[in-house]
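The entries follow the order in which I made them.

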Amino acid sequence: MPDLPLHRPVLAGARYSGMAGSGLRLEALPEGHLLHVLGAIEPAALAGELAKVGLVKSSIRQAGFRQWFVAGDEPLALAGLDALAAALAGKAFVTDQSHGRVRIGISGPSSRVLLSKGTAVDLDPAVFAEGSSAMTMVGHISVQIARTGDDSFELTVLRSFAESLWDELSHMAASAERG
């Protein structure tokens with residue numbers, strides 16, 4: 001049997017905690033699973049199918065017209081992916097994007113201010129409520145921003161851009177804290 005390459009997380013547990021009092025935190029999230037679902041299925045029905053295959057802790061995020069990202073911290077076995085594909089047959093298609101995308105968490109009272117420096121998405125809670133998501137750009141990098149809490153967001157980025165996005169976010173955070 002040939003040697004297979006080992007999976008190495010691209011950001012390998014990277015963390016950034018802002019200066020005392022800023023409450024800003026950047027965190028490389030577990031690479032778990034990220035599925036792309038395409039088809040005429042509503043989020044409630046998709047959630048039901050996810051529950052049947054044991055993905056009840058996964059979050060569903062709109063990624064475009066009739067497109068959803070399903071994100072979670074736990075790795076997904078091939079059997080689970082096959083079971084979900086079978087359950088969605090005739091309603092939607094699913095592809096595993098876990099190997100190609102990385103999630104970065106941003107939290108703290110300054111998180112919205114930090115993100116507003118890099119994107120044109122209106123992140124005001126009245127417009128972009130918890131559970132909302134949008135495909136956008138942060139600088140020159142394409143990302144999906146999802147609001148996961150009052151002062152917390154998750155960015156999903158193509159793996160090859162993850163380090164560049166991390167560096168950009170860290171730089172923006174440090175310059176904002178310096179004033």
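I note at the outset that the model is predicted. I traced an open sheet of four strands and read its order as β4-β5-β3-β6, with antiparallel pairing. Strands β4 and β6 (92–96) stand at the edges with a single partner strand each, so one side of each has no neighbour in the sheet. On average, neighbouring strands of this sheet are turned by 25 degrees against each other, direction ignored.

**Entry 2, β3 and β6.** I then looked at the pairing of strand β3 (residues 33–39) with β6, which is antiparallel and runs over five bridges. Within it, I found H36 opposite T95 of β6. Helix α2 (residues 78–88) lies across β3 and β6, and I recorded its direction as about 165 degrees to β6.

I located R66 in the loop between β4 (59–64) and β5 (67–72). Its phi is near 55 degrees, a positive value in a residue other than glycine. Most residues other than glycine have a negative phi. I list R66 as partly exposed because its relative accessibility is 45%, between the cut-offs of 20% and 50%.

Is T136 buried or exposed? I list T136 as buried, because its relative accessibility is 15%, under the 20% cut-off. T136 belongs to strand β8 (residues 133–138). Its side chain makes a polar contact of 2.9 Å with the side chain of T119. Leaving aside neighbours within four places in sequence, I found T136 in contact with T119, V121, I141, S142, V143 and I145.

Technical notes:
Residues numbered from 1 in each chain as written. Predicted model: local features only at pLDDT ≥ 70, side-chain atom pairs only at ≥ 80, totals over all residues. Heavy atoms only, no water. Buried < 20%, exposed > 50% of the residue type's maximum accessible area, 1.4 Å probe, protein only. Polar contact = N/O pair within 3.5 Å; in protein donor to acceptor, adjacent residues only side chain to side chain. Contact = heavy atoms within 4.5 Å. Pairing = 2+ DSSP bridges. Axes fitted to C-alpha atoms, helices over the stretch in contact; angles between N-to-C directions.
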